[in-house]
Amino acid sequence: PSPDEVNQFQSQILYVTYLGSVEEYQLVVEDKLEVKMVLYNPGEKVRKPDDTVWISFSPNDLVVLPEK
């Protein structure tokens with residue numbers, strides 16, 4: 001975590017889909033909310049289910065989808 005970041009949350013990876021230069025993650029945020037995250041050009045670090053990660057985002061980058 002960074003003290004300068006807004007909207008940062010501790011999350012746990014539920015599952016990962018590797019698509020070459022894109023990785024899709026299903027996360028559970030603070031044991032309450034499931035979210036989907038897409039990471040472009042993920043680099044060399046391997047993230048796997050059950051890993052704990054910190055996520056942060058700009059409010060302008062957030063897309064809220066309607067419930068099914």
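This is a predicted model: local features need pLDDT of at least 70, side-chain atom pairs count only at pLDDT 80 or more; totals for chains, interfaces and linings use all residues.
User: How many helices and strands does the chain contain, and what pattern do they follow along the sequence?
Analyst: Elements are DSSP runs numbered from the N terminus, with helices (H or I) of at least four residues and strands (E) of at least two. The chain has 0 helices and 4 strands. Read along the sequence, the pattern is β-β-β-β.

User: In what order do the strands stand in the open sheet, and which are the edge strands?
Analyst: Two strands pair if DSSP finds at least two bridges between them. The open sheet has 4 strands in the order S3-S2-S1-S4, with antiparallel pairing. Each edge strand pairs on one side only, and the edge strands are S3 and S4.

User: How many bridges join S1 to S2, and what is the bridge partner of threonine 17 in S2?
Analyst: S1 and S2 run antiparallel and are joined by 7 bridges. The partner of threonine 17 in S2 is glutamate 24.

User: Is serine 11 buried or exposed?
Analyst: Buried means under 20% relative accessible area, exposed over 50%, and partly exposed in between (1.4 Å probe, protein chains only). Serine 11 is placed in strand S1. Beyond residues up to four places away in sequence, serine 11 touches Leu27, Val28, Val29, Asp51, Thr52, Val53 and Ile55, where contact means heavy atoms within 4.5 Å. Its relative accessibility is 3%, so serine 11 counts as buried.

User: Is tyrosine 40 buried or exposed?
Analyst: Tyrosine 40 is placed in strand S3 (residues 33–40). Leaving aside neighbours within four places in sequence, tyrosine 40 is in contact with Ser21 and Val22. Because its relative accessible area is 58%, tyrosine 40 is exposed.

User: What geometry describes the aromatic pair of phenylalanine 9 and phenylalanine 57, and how many residues apart in sequence are the parts that this pair ties together?
Analyst: Rings of Phe, Tyr and Trp (its six-membered ring) pair if their centres lie within 6.5 Å; planes under 30 degrees apart count as stacked, over 60 as edge-to-face and the rest as tilted. The structure holds 1 aromatic pair. Phenylalanine 9 and phenylalanine 57 are stacked, at 6.1 Å centre to centre and 25 degrees between the planes. Phenylalanine 9 lies in strand S1 and phenylalanine 57 in the segment after S4, so the parts tied together are 48 residues apart.

User: What percentage of the residues in the chain is buried?
Analyst: The chain has 68 residues, and its C-alpha atoms fill a box of roughly 35 × 25 × 25 Å along the principal axes. The buried share of the residues is 22%.

Notes. Residues are numbered from 1 along each chain as its sequence is written. Side-chain values use heavy atoms; hydrogens and water are left out.
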